[in-house]
Amino acid sequence: MHTLIVYCHPYEQSFCHAMLEALTGRYEREGVPYEVIDLHADGFDPVLTRDELAVYNAGTALDPLVARYQQLVAGANRLVFIFPIWWNDMPAMLKGWLDKVMLAGFSWEATGAGLKGTLTYIESAEVYTASSNPTAFIREQTGDAIQRMFIDGTLWQLGIGHGTWENFGGMDLSTPEERATFLDKLAGK
């Protein structure tokens with residue numbers, strides 16, 4: 001199984017970066033082939049320009065990073081997303097990545113009755129996040145955007161039928177032991 005990790009956090013000392021290191025360390029130990037897209041390190045511009053919108057429905061990418069990302073997605077059969085939850089949802093950069101990379105003809109086709117996803121070769125998507133709010137609060141009080149909108153909505157609509165989400169909630173009040181336990185779990189220890 002070839003895994004593509006889409007990582008979205010600007011700070012290398014973040015807990016999300018520690019999650020990335022835990023997962024990639026596990027994949028290396030287990031011999032799982034993987035690649036990482038680091039949106040911030042790549043200098044990815046998430047904003048759709050006027051010129052990009054003019055060719056959007058044709059499925060054309062003007063940004064060379066988009067073409068590269070599409071090749072990486074096309075070569076994967078598992079996607080892993082790692083990002084912080086900011087204001088109860090994914091960071092704008094990751095939303096922009098979806099807007100710019102998941103183009104017509106590449107990841108979906110119009111049917112007149114909704115979109116038909118074409119990423120059916122991707123067997124699963126795993127989403128790992130960290131948040132200040134407790135996970136129960138995100139699920140019950142703020143609309144559960146990661147599960148309901150991203151996994152059950154967007155990823156499903158793209159043709160990815162199976163997705164899971166693990167959140168390290170209550171980040172701001174967590175103990176070093178709680179963080180280490182979560183990272184050990186990701187690392188397969």
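Predicted model: local features only at pLDDT ≥ 70, side-chain atom pairs only at ≥ 80, totals over all residues.
**Entry 1: where H4 meets H5**

On the H4 side I listed Val66, Tyr69, Gln70 and Val73, and on the H5 side Trp97, Lys100 and Val101.

Next I wanted the geometry. Two packed helices are described by the angle between their axes and the distance between the axes. For H4 (residues 64-74) and H5 (residues 92-101) I noted an angle of about 85° and axes 10 Å apart. Angles of 65 to 115 degrees count as roughly perpendicular, so I wrote down H4 as roughly perpendicular to H5.

**Entry 2: a ring cluster**

Which residues do ring pairs link into a cluster? I found Phe44, Tyr69, Phe81, Phe83, Trp97 and Phe150 in it. Two of these names were already in my notes: Tyr69 from the H4 side of the helix contact and Trp97 from the H5 side.

**Entry 3: the rings around phenylalanine 15**

I counted aromatic pairs and got 9. One of them joins phenylalanine 15 and phenylalanine 168, a tilted pair with 4.9 Å centre to centre and 40° between the planes. Why does this pair tie together parts that are 153 residues apart in sequence? It does so because phenylalanine 15 lies in helix H1 (residues 15-30), while phenylalanine 168 lies in strand E7 (residues 163-168). I checked burial too, and both phenylalanine 15 and phenylalanine 168 are buried.

Phenylalanine 15 also pairs with phenylalanine 182: their ring centres are 6.0 Å apart and their planes sit at 45°, so I logged this pair as tilted. Here phenylalanine 15 in H1 is linked to phenylalanine 182 in helix H8 (residues 176-186), 167 residues apart.

Are phenylalanine 15 and phenylalanine 182 buried or exposed? Buried means under 20% relative accessible area. Phenylalanine 15 has 11% relative accessibility, so I marked it as buried. Phenylalanine 182 is buried as well, with a relative accessible area of 11%.

**Entry 4: stepping back to the whole chain**

The chain has 8 helices and 7 strands. Its radius of gyration is 17 Å, close to the 16 Å that the globule rule gives for 189 residues, so I noted the chain as being as compact as a globular protein of that length. Along the principal axes, the C-alpha atoms fill a box of roughly 50 × 40 × 30 Å.

Of the 189 residues, 46% count as buried. I also looked at contacts between residues at least 6 apart in sequence, and 79% of them join residues at least 24 apart.

Conventions:
Residues numbered from 1 in each chain as written. Heavy atoms only, no water. Phe/Tyr/Trp six-rings, centres within 6.5 Å; stacked < 30°, edge-to-face > 60°. Helix = DSSP H or I, 4+ residues; strand = E, 2+ residues; numbered from the N terminus. Buried < 20%, exposed > 50% of the residue type's maximum accessible area, 1.4 Å probe, protein only. Axes fitted to C-alpha atoms, helices over the stretch in contact; angles between N-to-C directions. Parallel < 35°, antiparallel > 145°, perpendicular 65-115°, else oblique. Contact = heavy atoms within 4.5 Å. Rg over C-alpha atoms; globule rule 2.2 N^0.38 Å.
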